[in-house]
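Below is a short note for a colleague who is opening this entry for the first time. The points are numbered so that each can be checked in turn.

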Amino acid sequence: QVQLVESGGGLVQAGGSLRLSCAASGGTFSWLSMGWFRQAPGKEREFVASISRSGAYTSYSDSVKGRFSISRDNAKKTVYLQLDSLRPEDTAVYYCAAGSIQTTSPQYNYWGQGTQVTVSS
């Protein structure tokens with residue numbers, strides 16, 4: 001069983017930056033594809049970014065491409081999401097996910113509890 005714990009969320013002004021971390025325990029981290037999703041109040045959970053097992057392949061939603069960057073450190077069993085040029089519409093709970101397949105759909109096997117990101121205008 002894989003456990004995921006996100007951290008790094010907070011309140012930031014528009015144009016600012018945050019770095020989210022997701023630490024994994026249990027399982028073999030390097031065998032897992034990782035993803036970040038977000039859910040704003042009253043909206044469905046949406047894909048943000050994903051990264052392959054080795055870190056060689058990444059994917060982003062159009063709404064964050066060029067502003068967010070996903071990376072991973074397999075030795076530390078951690079995946080990161082760098083959020084730059086933040087906008088109020090990026091306000092959401094951000095979730096880390098892990099699974100056997102890198103995908104933009106929320107069909108990951110394991111999920112963290114989420115971390116709140118709030119961007120003020």
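1. A disulfide is here a pair of cysteine sulfur atoms within 2.5 Å. The model is predicted, and the structure holds 1 such link. Cysteine 22 and cysteine 96 form the disulfide, with their sulfur atoms 2.1 Å apart. The link of cysteine 22 and cysteine 96 is left-handed, with -80° about the S-S bond.

2. Which parts of the chain does this pair link? Cysteine 22 lies in strand β3, residues 18-25, and cysteine 96 lies in strand β9, residues 92-99. The two cysteines are 74 residues apart, so the pair joins distant parts of the chain. Is cysteine 22 buried or exposed? Cysteine 22 counts as buried because its relative accessibility is 0%, and buried means under 20%. Cysteine 96 is also buried, with a relative accessible area of 0%.

3. As for the chain as a whole, there are 0 helices and 11 strands. Read from the N terminus on, the elements run β-β-β-β-β-β-β-β-β-β-β. The radius of gyration is 13 Å, close to the 14 Å that the globule rule gives for 121 residues, so the chain is as compact as a globular protein of that length. The C-alpha atoms fill a box of roughly 40 × 25 × 25 Å, taken along the principal axes.

4. Strand β3, which holds cysteine 22, also belongs to an open sheet of 4 strands in the order β1-β3-β8-β7. The pairing in this sheet is antiparallel. Its edge strands are β1 (3-7) and β7 (68-73), each of which pairs on one side only. From one strand to the next, the twist averages 15°.

5. How many bridges join β7 to β8? There are 6 bridges between β7 and strand β8 (residues 78-83), and the two strands run antiparallel.

6. Strand β4 (residues 33-39) pairs with β5 in the antiparallel sense over 5 bridges. Strand β5 is joined to strand β6 (residues 58-60) by 3 bridges, and these two also run antiparallel.

7. Strand β5 (residues 46-51) is mostly covered, with 5 of its 6 residues buried. The hairpin of β4 and β5 has 6 residues between the strands, and glycine 42 in this hairpin takes a positive phi near 75°. The hairpin of β5 and β6 likewise has 6 residues between its strands. Glycine 55, in the turn of that hairpin, has a positive phi of about 90°.

8. Some totals close the note. Of the 121 residues in the chain, 43% are buried. Among contacts with a separation of 6 or more, 57% come from residues 24 or more positions apart. The chain exposes about 6,100 Å², and carbon and sulfur atoms supply 47% of that area.

How values were computed: Residues are numbered from 1 along each chain as its sequence is written. This is a predicted model: local features need pLDDT of at least 70, side-chain atom pairs count only at pLDDT 80 or more; totals for chains, interfaces and linings use all residues. Side-chain values use heavy atoms; hydrogens and water are left out. Two strands pair if DSSP finds at least two bridges between them. Axes are lines fitted to C-alpha atoms, for helices over the stretch in contact, and angles run from 0 to 180 degrees between N-to-C directions. Buried means under 20% relative accessible area, exposed over 50%, partly exposed in between (1.4 Å probe, protein chains only). The radius of gyration is taken over C-alpha atoms; the globule rule is 2.2 Å times the number of residues to the power 0.38. Contact means heavy atoms within 4.5 Å. Accessible areas come from the Shrake-Rupley method with a 1.4 Å probe; for residues, only the protein chains shown count as cover.
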